[in-house]
Each structure stands twice: as structure tokens, then as C-alpha cells.
Amino acid sequence: MKVALIFGITGQDGSYLARLLLKKRYVVHGVKRRSSSLNTKRIDDIYVEPFSKNQNFILHYGDITDALSTTNLINKIKPDEIYNLAAQSHVAVSFDVPEYTANADGLGPLRILETIRNSKKKIKFYQAGTSEMFGKVDQIPQNEKTNFHPRSPYATAKLYAHWITKNYRDAYGLFACNGLLFNHESPMRGETFVTKKIVKALVRIKNKKQKKLFLGNIYSKRDWGHAKDYVEAMWLILQQKFPDDFVISSDKQYSIKQFINIVSKKLNLKIKWIGKGINEKGINSEGKIIIECKRKYFRPLEVDNLLGNSKKARKILKWKPKYNIHTLVEEMIAHELEMIHE
Ligand code: NAP
Ligand code: G4F
């Protein structure tokens, strides 16, 4: 049986990756942080303390900013594969906590790489890189050869992680790989990311549980896929003969406004748009304002135009996403409808 260690097990991707690896009969170890309230809701159904329902699923306390805990866990578990998904992953928040973001997202992976380098065991390493590193893009669509131009403390920290992973691969022969993943969403997405925020709010507005949705820039464009498809790509990346870096994307692009229109159409919420810029508003069929823009949701710097070209992954990994924007949105809506009746 292969043994995997996942940093960031309690996050969206960690919860999908753990399920995928358990299905593939791995022993899965996950690292969770101590928090003042429970942070395991995404994995509670596969783990119940004190006796795990699944004997192959083991959780440990740790923190990627703590070199001792990171090194000790790796040396104790001696995994075959490490997936580093742990990060302060919110771009807007990274402007408020830049030093912490640099420490967790930039130096965190270095701590893992250095431990692997000093380990006698050959451990494969996956680093959760991001399309945010392309930032102010000079090429559309973006692929593995596109220049990087990060536009946030988050993207800058992730760029360090990207290069240090590549450097450890080149310098020490580590099987260390970067995934350059474009936005991926799911019912498990964090509440403050834009797709989840929109779907949740529009479902609640439709069911008269909420009056308005406040957003920032609705003209940036993103390439959205489903987390379930993207964690499969992470696994495939570590199953190759040689370590390499791969763009993972749907290769389709929508603006935030287009995303809102897709969701509202599926909910039969007829939204009419009026006004321009910060004064743009979405109005329902009764003439009530249900969507407004607020300055506080705009970022000091924006990434306007992300669109991936995942040709390399589709050819080499033979990766093909099963979801599209419509099936993704439908699954997210169904989940929010279930939640509303809880
Ligand atoms: P997420 O839901 O925010 O999950 C992040 C995970 O990291 C959580 O388990 C979180 O723990 C953990 N974490 C944060 N700081 C930590 C620390 N100091 N020590 C240990 N664990 C820590 O993010 P996601 O959407 O699953 O994304 C997974 C990874 O892929 C992240 O690195 C993200 O930056 C990257 N990525 C995401 C996307 C995307 O569109 N989702 C695209 C490209 C790259 P808590 O639960 O305690 O907060
Ligand atoms: O959903 P978002 O916060 O995702 P963003 O910034 O693209 O980052 C996500 O994807 C990255 C991959 O490209 C990951 F690396 C990262 O960890 C994260 O998962 O925002 C998407 C867009 C932005 O342009 C933002 O300005 O939506 C715009 N937006 C407009 N109003 C908003 C809002 N974003 C958020 N979070 N909240 C708003 O109210």
C-alpha cells in the first residue's frame, strides 16, 4: 500500500484528494492545524474521533509555518508521496497578512523540500501552484511557458514556492512537481471565494433568506473547473516517469458577471443590469436591487484575464475533466439548496 501525506487536508482540495487516494487504496495521513473552532467539517464523514471509521485515514496536528512539526511528521510517517496543499489561499486576504502569507505559502514548501532532501527515502512531492502567478498576463491563453507577473503577496509567495520546487528538482534530483492550477470550485469551496459567495447568495435570495449580494470587480475573467477533476490531475502528476510542471485548466473563460448570469438563469432569477462601474446593479423581476458593488471587495491590484491552455496535461497525463461550467454550477446550486433546508 502506498502512503500519502497531505498538508492542507481540511481544505477544499485536501478533502477531495483524500477521498481519491483512499479509493485508490492509499494510506492517507493528513495535517490539520489547531483552531479555536472545528475545522474538519469537509472530512468529518471519512474520519470520526477517537476511532477513525477508516483505518487508512490518519490525522496529525501540524503547521506548515513550524519547521519542527513539518520535519518531524515527514520523518515519522515516511510517506511515498507528499501533496502540499496548505496555504493562506485567499488573494485579497494576502494583502492584509503579507508576511504570514509569505511564510506559509513560500517558506512552507521549502521546509518540506529540505526535509525530503535530507531523507533516505525517495519521496515524491507535489506543490500546489496557481494561475495567479501569471498575474498581469502577457499571453492569452497561458501555458507552462508563459511569463510570470504576480500581482499579490499570495501570488508572489507562490512564485517563490514554484521556483524553489523546480530548483530542488534540478539541483538535487528530487521528484518534485508543480501544478499550475487555474481556479477550481465545488460545493466544498470556501465561503469567501467568489463562485461560492455568488451561488450561496443567489440561492438564498431566491428563497427569500437574504436580500442582497455585495461584490467587487465583476469584469475580471477566470477559467473555472471542478476540484474533483483537479485533484485527479495532482495524483497523475506524481505517477509519471519524470517529474515535471503542468498547467491544469478547463481552457474556457467567463467573467464574474457571466458567472452570475449562468447561476441566475439556472435559478430562474431574471436579473437586469443597470448602471456602470461601482454603480452597476443587478435588479430582479420585481425591480428590487439584489446585487451591488462595494469598494471593500475590490483589490489593490487585480488579475484581469486568466485563461489556461492545458494541452500538455491532456497529452502527457491523459487528463480530461469530467465537469464543465454548467455541471459545476448545478452541483453547487444543489448543495446550497440542501443547506438552506437544514
Ligand atoms: P483552502 O480550501 O483554503 O485550503 C487550504 C488548506 O491549507 C486548509 O486545510 C488550511 O487549513 C490549510 N492551511 C492554511 N495555513 C496552514 C498552515 N500554516 N499550516 C498548515 N495548514 C494550513 O484551499 P484550496 O482551494 O483547497 O486550495 C489548495 C491549495 O491549492 C492551496 O495551496 C491554494 O493556494 C492552491 N490553489 C488553489 C486553487 C483553487 O482555485 N482552489 C487554484 C490554484 C492553487 P484550515 O482549514 O485550518 O484553514
Ligand atoms: O474567487 P476569488 O477570490 O479567486 P481568485 O482571486 O481568482 O483566487 C483563487 O484562484 C486562484 C487560482 O487562480 C488560487 F490560486 C487562489 O488560491 C484562489 O483559490 O476571486 C475571483 C475574482 C477576482 O478577480 C476578484 O476580484 O472575483 C473577483 N471578485 C469580485 N467580487 C470577488 C468578489 N472575489 C471575492 N473573493 N469576493 C468578492 O466579493
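By class, nine nonpolar, nine polar and six charged residues make up the shell around ligand 2. The model is predicted.

**Ligand 2**

There are 24 residues around ligand 2. T130, S131, Y154, R299 and E302 come nearest. The side chain of S131 places an N or O atom 2.6 Å from an oxygen atom of ligand 2. K197 has a polar side-chain atom 2.7 Å from an oxygen atom of the ligand. S89 uses its backbone: an N or O atom there lies 2.7 Å from an oxygen atom of ligand 2. How much of ligand 2 does the protein cover? On its own, ligand 2 has 710 Å² of accessible area, and the protein covers 96% of that.

**Ligand 1**

Ligand 1 has 25 residues around it. Those that come nearest are T10, R33, S89, Y100 and Y154. By class, the shell holds nine nonpolar, eleven polar and five charged residues.

Which elements supply at least two residues of this shell? They are α1 (12–23), β5 (124–130) and α5 (153–172). Strand β5 gives the most, with three residues.

A nitrogen atom of the ligand is 2.8 Å from an N or O atom in the side chain of D63. For N39, a side-chain N or O atom is 3.0 Å from an oxygen atom of ligand 1. L85 takes part through a backbone N or O atom, 3.0 Å from an oxygen atom of the ligand. Of the 900 Å² of accessible area that ligand 1 has on its own, the protein covers 90%.

The table lists the contacts by residue.

| Residue and part | Ligand and atom | Distance |
|---|---|---|
| D63, side chain | ligand 1, nitrogen | 2.8 Å |
| N39, side chain | ligand 1, oxygen | 3.0 Å |
| L85, backbone | ligand 1, oxygen | 3.0 Å |
| S131, side chain | ligand 2, oxygen | 2.6 Å |
| K197, side chain | ligand 2, oxygen | 2.7 Å |
| S89, backbone | ligand 2, oxygen | 2.7 Å |

**Y100 and the surface patch**

Y100 is among the residues that come nearest to ligand 1. Y100 sits in helix α4 (residues 98–118). Together with V93 and V97, Y100 forms a nonpolar patch on the surface. The three have about 200 Å² of accessible area together. Is Y100 buried or partly exposed? Y100 is partly exposed, because its relative accessible area is 32%. A patch residue needs over 30%, so Y100 passes that cut-off with its 32%.

Conventions. Residues numbered from 1 in each chain as written. Chains lettered and ligands numbered in written order. Predicted model: local features only at pLDDT ≥ 70, side-chain atom pairs only at ≥ 80, totals over all residues. Heavy atoms only, no water. Near = heavy atom within 4 Å. Polar contact = N/O pair within 3.5 Å; in protein donor to acceptor, adjacent residues only side chain to side chain. Areas by Shrake-Rupley, 256 points an atom, 1.4 Å probe, with all protein chains shown as cover. Helix = DSSP H or I, 4+ residues; strand = E, 2+ residues; numbered from the N terminus. Nonpolar A, V, L, I, M, F, W, Y, C, P; charged D, E, K, R; others polar. Patch = residues over 30% accessible without salt bridge, like charges linked within 9 Å, V, L, I, M, F, W, Y side chains within 5 Å. Salt bridge = Lys/Arg side-chain N within 4 Å of Asp/Glu carboxyl O. Buried < 20%, exposed > 50% of the residue type's maximum accessible area, 1.4 Å probe, protein only.
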